Amino acid sequence: MCSSGVAVRLLLLAFIPSAVSAVQKLTVSPERGTYLNISSSRVNDCGVCTGAGLLQRCGPSLMIKDGPPVSIAFQCSRPQDVFSVEIVRNIECTTKLCNGHIIQADSDSLPFLDFSRKFTWNLKASAPNAFKIDFSNFGVRQINPSERCPDGHSYTLWALQATGDVAVGKYCTMGPVRSAQILNDGSFSLDVPPGQKLQNSQFDVSVGEEIKSLAKITLSFPKGTSSSELLSPNYPDSFPDDDLMEWYVQVPDKHKTAIQFLNVSEPRCLKKEAGVEYHGNLRAAVLLSLTEPQPTQIPGKFTFMLRNCEMDTRHAGSRGLLLHLKVSASSATSSVSCDVDMNNMEGLSLHIERLRPASGCEMKVNSVPKERIAITGRSYLTFQDCVPEELHITAMRVIECGQLKDCPTRPARLLVPALPTCLPAPLSSVTWTLRPPQRGAVELSSPTDLLKQSLPGQQCNDGFIIRVAEDDGTTVGHFCPEGAIQKVQLHTNVSVTVSAVDDKGLRTPFRHLLDAIFKAEISERYIFTVSPETDTPVLLATPGWPAGMKSYSTVSWIVSIPPTMDAQLMFANLSQPKCSNRHTNIWVQRVGFLEEEYSRREDEEPDSEIAVSGSFYLNMSNCMPEKGHFGVITKVTLQKSKNLLLTILSVVASLVVIFVTVLVVVCLVIRKKKKALNHHVSIYNPNGTSFLPGHNGFPKTRGDNESHVYASIEETLIYTDLLRKGAEMGVYGKVDTYRPFAGHTDSQKPLVGGDADTEDMPVGAYQQFQAPPLPVRPRSHMQCLVDNVIYQSEGGEENSPNLGPRLEPDRGN
């Protein structure tokens, strides 16, 4: 066969015709690692023998392994009409290389030239790799097993499985198939008809990929129009049960591929469904059934896989899964024109760039070629030979303000624009860059649906996701609608990006997603306002999760709880660092109360779960980590309040106290007015005589003249004791100074920040309830919006944030 020892070396010693016995004799000596099979299709016509005399053994078949030369004899004059010869060699592949090549040569097999010959190479790879046969020299094409190749050389590829051997396909030379990979074990054979010499050729064998399919066939089509037919394994028998076959198609640039089913037989399935799955570069997988129309305009390289189900073989009429298909490739020269007007797109600019600069895609703006496109107004665009996978389209807008007093009072709308459908690729993302002024902050809120964070156990399923990040690229969090977060406040430059979660893009304009407005600076780096629902737990993650919060940064969640509900807080996925300066801290404080409900540092054992009655602040701060990071996911769950009766009694008691206080004040006012009637006053008499009202008689005693009753009482004297006690508790200031009440009432609605001006308010003027400021701590945002400048409040004191009105939740019971 071949000089490299892939086949056998056959030495012809004699063709000795015998007039009596008509015996032909040969001496053969197979190469090392090769063995010879000689078999007869007609058992009684002729035999093949070894040995001589009494040791001679004859039979219908003979296998000769490598070793010393062996003499054989045929018991008929034309053994080539009865016997066929198979020459077999084994090739094993380790994890890195294989121990041989497939070389077909006829130099040493000429004695068997008149026989039907088959050359077989058994190949084996170390799991989980496949072995790979390279046909790049001339390529092969698949044919029906019943067909014959024009040159008489037909190749067959087998996959050897524990459930049985599978014929991957039969092939002829000159075709688009450039390589084949078989999982673990397989064989490759060449059949040559009698009397035909071998065509000298060599195929490289190498270690392949870690494939998950039965086999993977690679096809490469030339430029222009071409096609090739493919058959499912074991055709015309059924494809193996619950198995997978894979084809990888390569086409030149500016070419497209069409898949057409010529013949298909669907199996009866017990589990799963049979179908064809398509995977392309930069595209999501598409799974189609065997009866659906298959793609006809597939750009670039792609993979498609035939999947079989677990078949029901109990019905005799079921043929199983059979598929005969045609793959056609053709050039795809195209030109797309598009008129784009960004003047009415909420201030957005459009940006288009090519992902593969070396491709044949050509872009023009108003007939001028461009490598990148940026549009702020109206432009006429042209795209020549550009496929969607080659283009990346985004929209952007910068919203900034120099001075807080000059910032717009109305929020800026953040919504995805409706771009023209003539663009050759969908919109991938929209980004808004928000730059607040000095001593300013950014506030994001949803005009319709509240927001939620995209977290494990709280995923987003809306086809898009909102990423909020700081100006240095640090992610604050990923959000989407249908949550419990009313608004997000950030003391930093912010970018908000709405991105599609798949390759379909943002072609369809979405509803009004967010509002953005600039407000006065906040004392924390981040503040979230949250209104949980009674039947849905809420997950709140620290900014930057899971990477951890920035050093020294702080965050507060203002959580509104309905009056009849309690909140259960569970700290999950808590990660604490080793601090080199300061400490991390987690603490909870109820709205309207000075004392803390809960507080833990990184060096203290945390509670896994705590209960809070009423609305509260959840505050966290980070240290300067030496090792590790600070991050936590807090789960907030609402439940019926256990202290509902106590709350009702407290309300009733408060109402009684108010009623008694009002009654006392009314009585004092009435007595005051009654006494005032006894004061001497001048009365006008139209007759011209003035007189003083009074009674004649003796002066009264102290008990009779009521000299001990005050005509009027100073209010400060009435409330002196109360004010003094309040000062001792730290609720009021000096006892001789009146200040508006700043405590907590159940009727409280808005939360007014601690920076609200109350010094110049009239004593009798009405003032809304003031919530206690967020806990005073070192600012976490001293890196302000201008480099190398640190801003500080007047007097060196920190202003608490103006949190704006807090709406009591109207959801839940």
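Reader: How many aromatic pairs does a search of the whole structure find?

Author: The search finds 14 aromatic pairs. Rings of Phe, Tyr and Trp (its six-membered ring) pair if their centres lie within 6.5 Å; planes under 30 degrees apart count as stacked, over 60 as edge-to-face and the rest as tilted. Bear in mind that this is a predicted model, where local features need pLDDT of at least 70 and side-chain atom pairs count only at pLDDT 80 or more, while totals for chains, interfaces and linings use all residues. Residues are numbered from 1 along each chain as its sequence is written, and side-chain values use heavy atoms, with hydrogens and water left out.

Reader: Why is the pair of F74 and F83 called tilted?

Author: Their planes stand at 55 degrees, with the ring centres 5.2 Å apart, so the pair is tilted. F74 is buried at 1% relative accessibility, and F83 is buried at 2% (buried means under 20% relative accessible area, exposed over 50%, partly exposed in between, with a 1.4 Å probe and protein chains only).

Reader: And how are F528 and W557 arranged?

Author: They are stacked, 5.8 Å centre to centre with 20 degrees between the planes. Both F528 and W557 are buried.

Reader: Which residues do ring pairs link into a cluster?

Author: The cluster contains W121, F135, F138, Y155, F188 and F203.

Reader: Where does the charged end of R582 sit?

Author: A charge sits over a ring if NZ of Lys or CZ of Arg is within 6 Å of the ring centre and within 35 degrees of the ring normal. Here, the charged end of R582 sits over the ring of Y552, 4.6 Å from its centre. Likewise, R590 has its charged end over the ring of F593, 4.1 Å from the centre of that ring.
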